[in-house]
Protein chains: 2
Amino acid sequence: MSDQRTELEKLGEFGLIEHLTKDFVNQNPSTSCGIGDDAAVISISDEDAKLISTDMLIEGVHFNLMYMPLKHLGYKAVAVNVSDICAMNGTAEQITVSIAVSNRFPVEALEELYDGIRTACSIYNVDLIGGDTTSSLSGLSISITVIGSAKKKDIAYRSGAKENDLLVATGDLGAAYMGLQILEREKVVYNANPEIQPDLDGHDYIIERQLKPEARHDIILFLKELGIKPTSMIDISDGLASEIMHICKSSKVGCHVYDEKIPIDAKTSMTAIEFNLDPSTCALNGGEDYELLFTVPQSDFEKVKGNPHMSIIGHMTNEADGIYFIDKSGSSLELQAQGWSHLND
Amino acid sequence: MSDQRTELEKLGEFGLIEHLTKDFVNQNPSTSCGIGDDAAVISISDEDAKLISTDMLIEGVHFNLMYMPLKHLGYKAVAVNVSDICAMNGTAEQITVSIAVSNRFPVEALEELYDGIRTACSIYNVDLIGGDTTSSLSGLSISITVIGSAKKKDIAYRSGAKENDLLVATGDLGAAYMGLQILEREKVVYNANPEIQPDLDGHDYIIERQLKPEARHDIILFLKELGIKPTSMIDISDGLASEIMHICKSSKVGCHVYDEKIPIDAKTSMTAIEFNLDPSTCALNGGEDYELLFTVPQSDFEKVKGNPHMSIIGHMTNEADGIYFIDKSGSSLELQAQGWSHLND
């Protein structure tokens with residue numbers, strides 16, 4: 001090893017992956033898409049492909065067991081992986097689950113975790129086909145790999161958005177982030193005085209969005225029913241702004257996204273205001289919503305319009321035009337992705 | 001959670017996996033073999049299948065960076081996963097690599113790790129298709145998932161061994177364990193006095209077996225050339241005794257394994273004796289050799305006999321006869337699997 005020392009923070013998560021993997025060359029003809037999308041694509045026949053994605057969750061970085069029940073954690077770990085397969089317009093079918101645990105955890109704790117995993121497997125129709133169970137020196141780590149299926153012609157990559165395409169978000173955004181703020185606030189209160197009961201009243205929706213997010217496989221079914229093949233798609237795990245920038249970068253397009261069009265639930269807005277936060281900023285940079293963000297040709301406008309699960313929030317422009325957020329006063333602001341960068345936390 | 005607290009050690013690694021996954025039911029027709037073999041099997045057509053396996057390596061549990069160079073660690077992490085695909089008589093094609101690192105590691109350290117991963121990918125003809133990079137509160141964790149291919153008719157499960165089949169081990173056994181003993185001894189010496197240079201002279205072979213094991217994909221090619229389809233197969237990761245017991249349990253057979261037939265390199269034996277250890281015990285319980293253990297019908301005797309990479313070490317018997325180790329004096333001892341149990345460490 002050379003004597004040089006470059007801190008990990010300097011590159012950020014995406015920069016680091018790009019840096020470490022830049023010299024890898026694919027050698028197998030079955031590898032049709034590697035690093036750089038929500039899932040990798042492995043060709044298995046002229047028409048069909050398998051989709052593979054993997055996620056690692058680390059205690060103290062991605063979750064806090066003080067307010068995250070193990071059952072919810074197991075459920076969420078599966079859901080966020082299934083979400084990556086949805087983001088390719090595919091169907092998740094199998095998962096492997098590896099866990100590393102310290103002896104602080106009894107068997108009963110892992111039973112709770114696997115109870116959540118099993119519930120999610122049942123709801124998303126996914127089979128647990130393997131894994132690894134090992135000890136750790138401290139804390140709990142979970143690594144899940146999901147395997148999905150798709151017709152090759154149906155796969156939606158990040159790279160397919162075209163100028164003038166409509167930008168569509170599903171569900172509502174920012175709720176998971178505000179749920180986290182409530183949980184963090186009550187943690188501080190509890191730590192100061194364990195006698196005080198946590199005040200979560202009226203925050204059920206946003207807390208559930210944080211603790212028990214759902215993968216939008218229902219949207220994949222709606223899209224098929226509506227006859228829509230998105231030109232590009234990604235799941236919203238790191239915040240809307242970051243995901244828009246991923247699509248724009250991969251597709252070599254620009255974007256106009258409209259503040260007033262961003263779907264935000266009233267409970268999210270109210271909580272944001274209570275915390276002196278701008279609701280749109282929470283939606284743009286909050287993350288963990290696991291909604292889908294996709295683009296469709298303008299000719300699909302009629303199919304998307306009025307669908308209660310989908311909001312048209314902008315349109316794609318020429319790459320040279322840049323990526324702009326148009327606020328409620330009509331002012332354009334160049335979009336900055338802040339998102340979650342776990343390596344910067 | 002109930003108030004009961006059962007310690008993880010009570011169940012052991014294999015018992016724990018079995019306990020946690022017993023209530024899972026497979027729902028997808030493509031899932032043709034789930035938990036319980038070296039890799040899961042996903043059907044992709046009438047003739048073809050994908051094989052999936054995953055492994056998690058935790059600093060301080062599976063590796064010690066004091067004597068494990070990061071480049072070797074990267075190489076080994078890939079090799080042990082490829083070994084699981086070999087154990088199914090398949091060919092590894094893709095891997096995903098997730099890592100969690102603390103900020104103790106600079107970018108340069110991860111470059112070394114990925115250098116080793118890239119070398120292994122190149123040697124085993126495997127493509128890196130995805131992964132996750134995240135921070136950890138302490139230490140380094142690596143989680144790899146490997147995807148392989150096989151013709152369904154070629155897949156060797158643990159469960160296919162028949163009474164009277166020959167039991168065959170590849171390469172030589174116990175070397176990786178003795179390499180670890182040397183490295184641990186020199187670590188103790190170094191910790192006591194950092195001025196003393198480690199004395200690794202003459203131990204290159206066994207140290208390399210510990211630090212840079214190879215997956216025996218060459219054996220898979222030999223088997224094809226020789227026209228041999230093993231009736232059962234497993235890779236020797238936890239020690240010969242443990243693997244024999246896995247095959248016997250899955251195949252519902254007994255076994256006679258002969259001490260004098262177990263392939264042990266002279267350097268392994270000499271080092272074992274230096275450490276006052278019985279070389280056969282090291283081969284039986286040492287682990288991390290990543291050789292293959294398989295069974296073939298007696299009719300394949302001529303094909304296997306005299307092959308320098310393969311040793312016939314015993315034969316399978318009726319389940320009711322039990323699993324016996326026949327020592328050099330001809331005495332029978334019932335085999336006990338000690339193996340590695342990281343959860344018991």
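Guide: One begins with the pairing criterion: two strands pair if DSSP finds at least two bridges between them. In this predicted model, β12(B) and β13(B) form a hairpin with 5 residues between them. B:Gly330 in that turn has a positive phi of about 95°.

Visitor: In which sense do β12(B) and β13(B) pair, and over how many bridges?

Guide: The pairing is antiparallel and comprises 3 bridges, with β13 covering residues 332–334 of chain B. One of the facing pairs is B:Phe325 with B:Leu333 in β13(B).

Visitor: Which way does strand β9 of chain B run relative to β12(B)?

Guide: Strand β9 (residues 253–258) of chain B runs parallel to β12(B), and 4 bridges join them. Here B:Tyr258 is the residue opposite B:Ile326 in β12(B).

Visitor: How is the fold of a whole chain summarised?

Guide: For chain A, one may start with its 10 helices and 13 strands. Its radius of gyration is 20 Å, close to the 20 Å that the globule rule gives for 345 residues, so chain A is as compact as a globular protein of that length. Buried residues form 53% of the 345 in chain A.

Key: Residues are numbered from 1 along each chain as its sequence is written. Chains are lettered from A and ligands numbered from 1 in the order in which they are written. This is a predicted model: local features need pLDDT of at least 70, side-chain atom pairs count only at pLDDT 80 or more; totals for chains, interfaces and linings use all residues. Helices (H or I, at least four residues) and strands (E, at least two) are DSSP runs, numbered from the N terminus. The radius of gyration is taken over C-alpha atoms; the globule rule is 2.2 Å times the number of residues to the power 0.38. A residue is buried if 20 or more other C-beta atoms lie within 10 Å of its own, exposed if 12 or fewer, and partly exposed in between; C-beta atoms are placed from the backbone.
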